[in-house]
Amino acid sequence: MEAHEKGYFTEENSIEVVTGRNAKARDERLKSIMEVVTRKLHEAVKEIEPSEKEWFDAIMFLTDTGHMCNEWRQEFILLSDVLGVSMLVDAINNRKPSGASESTVLGPFHVADAPVRHMGDNICLDHKGEDMVVSGRILDTEGNPIDEAVIDVWQANDEGFYDVQQKGIQPDFNLRGVFRTGRDGRYWFRAVKPKYYPIPDDGPVGKMLSALGRHPHRPAHLHYIIKADGFETLTTHIFDPDDPYIDSDAVFGVKESLLAEFRRTEDAARAKEYDFKQAWFWEVEHDFVLAREA
Ligand code: BEZ
Ligand code: FE
């Protein structure tokens with residue numbers, strides 16, 4: 001009988017001994033996941049050869065990450081985000097047919113019960129920032145408009161903060177809204193130009209980014225969740241391609257197809273019609289294409 005079959009542990013047979021111990025697992029999926037995780041973890045430890053101090057530091061990092069989690073803060077998701085794992089899980093679970101809009105991370109600032117708004121409403125409730133009008137269509141992959149698509153949109157303000165990060169400073173539900181398309185599949189609303197912002201970086205993940213020489217910023221974007229009967233729900237963003245962080249998003253959420261044009265438009269008549277402060281405004285037009293449910 002080989003050492004690993006007896007269950008005796010050596011540096012060489014560590015993977016077989018540990019995975020062999022799971023032979024009677026009742027859940028086959030769990031068993032195969034733990035086989036991969038154990039193998040990759042042992043391979044990493046064998047390659048890195050950490051000192052005992054380094055291993056303890058790693059344990060303390062994970063401990064601190066757990067201590068940072070509460071009802072409003074999920075530091076483990078943030079860790080998954082900055083390691084690119086959230087985007088990988090998103091990519092694997094949202095492989096889209098050709099022509100359909102691509103997805104990206106949800107992020108922690110979505111609020112489930114945002115107010116339902118009318119097309120054209122201004123979702124910026126404090127009128128702070130540079131005015132912007134956003135429009136487009138919700139289409140199927142054949143280019144037909146989708147009736148009764150529900151568009152849940154949210155964004156940071158002109159200083160890079162979401163309303164939920166500035167309770168008492170921004171009005172509740174500032175820069176959020178739910179819109180429903182008509183038969184033409186069109187949507188439009190008024191808002192303000194969002195700014196880049198740091199992901200929450202006052203915890204262990206922020207410290208790790210700093211130690212790695214990485215900044216914590218996400219380029220300016222608008223979040224969307226788009227739902228329609230018979231179609232796969234799309235969770236995505238559109239990004240400002242002129243943002244200074246467009247090529248180095250801290251959470252790897254940017255995709256080429258999600259770059260929208262933020263056009264500076266000088267048009268006093270339209271600005272007046274929109275009830276904007278100045279004679280100019282930002283204009284963004286972006287269509288989304290939903291994939292049919294399998
Ligand atoms: C966001 O875009 O809201 C976000 C995404 C991932 C981590 C932190 C924030
Ligand atoms: Fe965001």
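**View 1. Composition of the shell around ligand 1.** In this predicted model, the shell around ligand 1 is made up of seven nonpolar, three polar and two charged residues. The residues around the ligand are Leu78, Asp81, Gly107, Pro108, Phe109, Tyr162, Tyr197, Ile199, Arg218, His221, His223 and Val251.

**View 2. Side chains that place polar atoms beside oxygen atoms of ligand 1.** A polar side-chain atom of Arg218 lies 2.5 Å from an oxygen atom of the ligand, and for Tyr197 the distance between an N or O atom of the side chain and an oxygen atom of ligand 1 is 2.6 Å. His221 also takes part in this view, with a polar side-chain atom 3.1 Å from a ligand oxygen atom. Taken on its own, ligand 1 has 260 Å² of accessible area, of which the protein covers 100%.

**View 3. The cavity of ligand 1 and the elements around it.** The space that ligand 1 takes up is the largest cavity, and the elements that contribute two or more residues to the shell around the ligand are helix 5 (75–82) and strand 7 (221–227).

**View 4. The domains of the chain.** The chain is divided into domain 1, spanning 1–49, and domain 2, spanning 81–290; the centres of domain 1 and domain 2, taken over C-alpha atoms, are separated by 44 Å.

Note on methods. Residues numbered from 1 in each chain as written. Chains lettered and ligands numbered in written order. Predicted model: local features only at pLDDT ≥ 70, side-chain atom pairs only at ≥ 80, totals over all residues. Heavy atoms only, no water. Near = heavy atom within 4 Å. Polar contact = N/O pair within 3.5 Å; in protein donor to acceptor, adjacent residues only side chain to side chain. Areas by Shrake-Rupley, 256 points an atom, 1.4 Å probe, with all protein chains shown as cover. 1 Å grid on protein atoms, 1.4 Å probe; cavity = no way out; pocket = protein on both sides within 12 Å on 5 of 7 lines; lining within 4 Å. Sits in = over half its atoms within 2 Å of the grid points. Helix = DSSP H or I, 4+ residues; strand = E, 2+ residues; numbered from the N terminus. Nonpolar A, V, L, I, M, F, W, Y, C, P; charged D, E, K, R; others polar. Domains from an automatic or database assignment.
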